[in-house]
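Please keep the sequence and the model at hand while reading.

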Amino acid sequence: MSDPEHSTGDAVARQAPIADDHDSPWKDALELYFPQALALLAPDLRAAIDWSVAPDFLDKELQAIALPGKKGRRLVDKLVQVRLLDGADAWLLIHVEVERRLDGRQALKVFAWRMYEYRYRIQVRLMQQRKLALPPRIYSLGVLLESRGGGGTA
């Protein structure tokens, strides 16, 4: 007969460590306060957007360009399609990273490389999908935060 007080299955499941998730709140905030975030990060770009057309958050599109074999979650990355006041479509790559492993220049170099890597992959994908000769308008916005109290924008 099983003794609930000495059962290890449920106790182990309850005591399993929870992943440290600093990025998801940023992702949620970006979607919820998108116009306000742009006003803070890129006021000129915010002013160029036609807000009568709802922004389209392209999470699945961004997942499709993720590098195979890369470990870790990149939930904070957002790809958003917007309509500009001139009638053209544009894509915004927003990358917010809370860096816990690297410091200073090294963190900034890794962050810049990730921004470049994602932008390039998005450009190639959109050019192939839309049969474009030149890359579409893509604006890259990056925020790099250090988890130990310091921080900055890139």
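Is D59 buried, partly exposed or exposed? At 22% relative accessibility, D59 counts as partly exposed, where buried means under 20% relative accessible area, exposed means over 50% and partly exposed lies in between (1.4 Å probe, protein chains only).

The model is predicted: local features need pLDDT of at least 70 and side-chain atom pairs count only at pLDDT 80 or more, whereas totals for chains, interfaces and linings use all residues. Residues are numbered from 1 along each chain as its sequence is written, and side-chain values use heavy atoms, with hydrogens and water left out.

**Salt bridges**

- The structure holds five salt bridges, a salt bridge being a side-chain nitrogen of Lys or Arg within 4 Å of a carboxyl oxygen of Asp or Glu.
- One of them joins K78 to E31, with the closest N and O atoms 2.3 Å apart.
- This pair links distant parts of the chain, since K78 is in strand β2 and E31 is in helix α2 (residues 24-32), 47 residues apart; helices (H or I, at least four residues) and strands (E, at least two) are DSSP runs, numbered from the N terminus.
- K78 has a relative accessible area of 0% and is therefore buried, while E31, at 34%, is partly exposed.
- The side chain of K78 also meets that of D59 in a salt bridge of 2.9 Å, N to O.
- Here too distant parts of the chain are linked: D59 is in helix α5 and K78 in strand β2, 19 residues apart.
- Together, E31, D59 and K78 are linked in a network of salt bridges.
- Elsewhere, the side chains of D86 and R137 meet in a salt bridge (2.9 Å, N to O).
- D86 lies in the loop between β2 and β3 and R137 in the loop between α6 and β4, so that this pair links distant parts of the chain, 51 residues apart.
- D86 counts as exposed at 51% relative accessibility, whereas R137 is partly exposed at 36%.

**Nonpolar cores**

- In soluble globular proteins, nonpolar side chains tend to be buried together.
- A nonpolar core is defined as a set of buried Ala, Val, Leu, Ile, Met, Phe, Trp, Tyr and Cys residues joined through side-chain atoms within 4.5 Å.
- The largest such core has 17 residues, and those with the most contacts inside it are F34, V82, L92 and I94.
- Two or more residues of this core come from each of α3 (34-41), β2 (78-83), β3 (89-99) and β4 (138-146).
- Strand β3 gives the largest share, four residues.
- Leaving aside neighbours within four places in sequence, L92 is in contact (heavy atoms within 4.5 Å) with residues including F34, L38, L45, V82 and Y139.
- A second, separate core of 10 residues includes L62, I65, L79 and W91.

- L62 is placed in helix α5 (residues 59-64) and counts as buried at 6% relative accessibility.
- The C-alpha atoms of L62 and L79 are separated by 6.2 Å, although these residues are 17 apart along the chain.
- Beyond neighbours within four places in sequence, L62 contacts D77, K78, L79, L93, Y118 and I122.
- D77 lies in the loop between α5 and β2 and is buried, with a relative accessible area of 3%.
- Not counting residues up to four places away in sequence, D77 touches L62, I94, H95 and Y118.

**Aromatic pairs**

- A search of the whole structure finds four aromatic pairs; rings of Phe, Tyr and Trp (its six-membered ring) pair if their centres lie within 6.5 Å, and planes under 30 degrees apart count as stacked, over 60 as edge-to-face and the rest as tilted.
- The rings of F34 and W51 have centres 5.9 Å apart and planes at 65°, so this pair is edge-to-face.
- F34 lies in helix α3 and W51 in the loop between α4 (43-47) and β1 (56-57), so the pair ties together parts 17 residues apart in sequence.
- F34 counts as buried at 2% relative accessibility, whereas W51 is partly exposed at 28%.
- F34, W51 and F57 form one aromatic cluster.
- W113 and Y116 form a tilted pair, 5.3 Å centre to centre with 40° between the planes.
- Both W113 and Y116 lie in helix α6 (residues 104-130), three residues apart, about one turn of the helix.
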